[in-house]
Amino acid sequence: MMRAAFPLLLLLPLTACGSKGIEGVQTYTYPAGDHRSGSLVYSETPPAGGAHNPIWQNCGVYSQPLYNEYAVHSLEHGAVWITYQPTLDAAQVDTLKKLVDGRPYTLLSPYDGLPSPVVISAWGAQLKVDKADDSRLKAFLDKYEQGPTAPERGAACSGGYSGTR
């Protein structure tokens, strides 16, 4: 009897590990397709979904802050937006640039008034971290870039708006 149960006991820890999420991720629910013009108010800083401009932000690395309304539209398309405090040191910003290098559905930009040094956001999900080398950032990118929470996964992340604030 004990021999038959032993393989099952070995699977329990593996199953628990596989079902765990990324520690610290907060999730939200927003309807898709709510296109509006003008300046909008969001519940999170930076936003992780909601109403947004009809035009999306072109994915890429930016040295100036982005308009929330365009970036949120990119999140709807499956992009992940990494924001950092403008005072973050250059070495940490370089670490973030390397993290997004070669990833076509990412935005990277400074953001005034962040609640932590680095915040990574996708449609309906957000994680706040203190350091650019936090391993959860890559895990978040792997899970949410073109991930299942994006209402319009695969829609364009280029050919939109490329301006900054």
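Q: Why is Lys138 called partly exposed?
A: Buried means a relative accessible area under 20%, exposed means over 50%, and partly exposed is in between (1.4 Å probe, protein chains only). Lys138 has 43%, so Lys138 is partly exposed. This is a predicted model, in which local features need pLDDT of at least 70 and side-chain atom pairs count only at pLDDT 80 or more, while totals for chains, interfaces and linings use all residues. Residues are numbered from 1 along each chain as its sequence is written, and side-chain values use heavy atoms, with hydrogens and water left out.

Q: What makes Lys138 and Asp142 a salt bridge?
A: A salt bridge needs a side-chain nitrogen of Lys or Arg within 4 Å of a carboxyl oxygen of Asp or Glu. The closest N and O atoms of Lys138 and Asp142 are 2.7 Å apart, so the pair meets the rule. Both residues belong to helix α4, four residues apart, which means about one helical turn separates them. Helices (H or I, at least four residues) and strands (E, at least two) are DSSP runs, numbered from the N terminus. Asp142, at 42%, is also partly exposed. Salt bridges with shared partners join Arg103, Lys138, Asp142 and Glu145 into one network.

Q: How do you know that the buried residues of α4 line one face of the helix?
A: The buried residues in α4 (residues 135–144) are Leu137, Phe140, Leu141 and Tyr144. Seen down the axis, they fall within an arc of 100 degrees, so they line one face. The arc is taken from the directions from the helix axis to the C-beta atoms. An α-helix has 3.6 residues a turn, so residues three or four places apart point the same way.

Q: Why does Ile120 count as buried?
A: The relative accessibility of Ile120 is 0%, so Ile120 counts as buried. Ile120 is in strand β5 (residues 118–122). Leaving out residues up to four places away in sequence, Ile120 has contacts (heavy atoms within 4.5 Å) with residues including Leu137, Phe140 and Leu141.

Q: What makes Cys59 and Cys157 a disulfide?
A: A disulfide is a pair of cysteine sulfur atoms within 2.5 Å. The S to S distance here is 1.5 Å, so Cys59 and Cys157 qualify. The two cysteines are 98 residues apart, with Cys59 in the loop between β1 and β2 and Cys157 in the segment after α4.

Q: Why is this disulfide called right-handed?
A: The torsion about its S-S bond is about 40 degrees, so the disulfide is right-handed.
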